[in-house]
Amino acid sequence: MKKESKREKLAIVLIVIFLFALIMGPGPGSLFINPHGSEPKFWFGMPALYVVAVFWFLIEAGVIIIADKFIWKREDKNE
């Protein structure tokens, strides 16, 4: 029972992080980087908007990998 409780808590945290990243990537996150009508900024030689989009994508991919390793794993190794 205790193991399921830890899984449920981790699942809720991962869902919140994933949804936050999903909203921030294309949504208000883009306006924080390049406000409407401003000159595009460059970070590390790339457009800042691209860098931010890749950052949020990596957060989402990390959440999926963590969920795969700790939440979606099989209990029975013989299957």
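**A tour of the aromatic side chains**

Select Phe55: with 45% relative accessibility, Phe55 counts as partly exposed, since buried means under 20% relative accessible area, exposed over 50%, and partly exposed in between (1.4 Å probe, protein chains only). The model is predicted, so local features need pLDDT of at least 70 and side-chain atom pairs count only at pLDDT 80 or more, while totals for chains, interfaces and linings use all residues. Residues are numbered from 1 along each chain as its sequence is written, and side-chain values use heavy atoms, with hydrogens and water left out.

Next, show the rings. Rings of Phe, Tyr and Trp (its six-membered ring) pair if their centres lie within 6.5 Å; planes under 30 degrees apart count as stacked, over 60 as edge-to-face and the rest as tilted. There are two aromatic pairs by this rule.

Select Phe20 and Trp56. Their ring centres are 5.7 Å apart and their planes stand at 75°, so this pair is edge-to-face. Phe20 lies in helix α1 (residues 2–24) and Trp56 in helix α3, so the pair links distant parts of the chain, 36 residues apart, where helices (H or I, at least four residues) are DSSP runs, numbered from the N terminus. Is Trp56 buried or exposed? Trp56 counts as buried, because its relative accessibility is 16%. Phe20, at 47%, counts as partly exposed.

Phe55 and Trp56 form an edge-to-face pair, 5.0 Å centre to centre with 70° between the planes.

Note on methods
Helix = DSSP H or I, 4+ residues; strand = E, 2+ residues; numbered from the N terminus.
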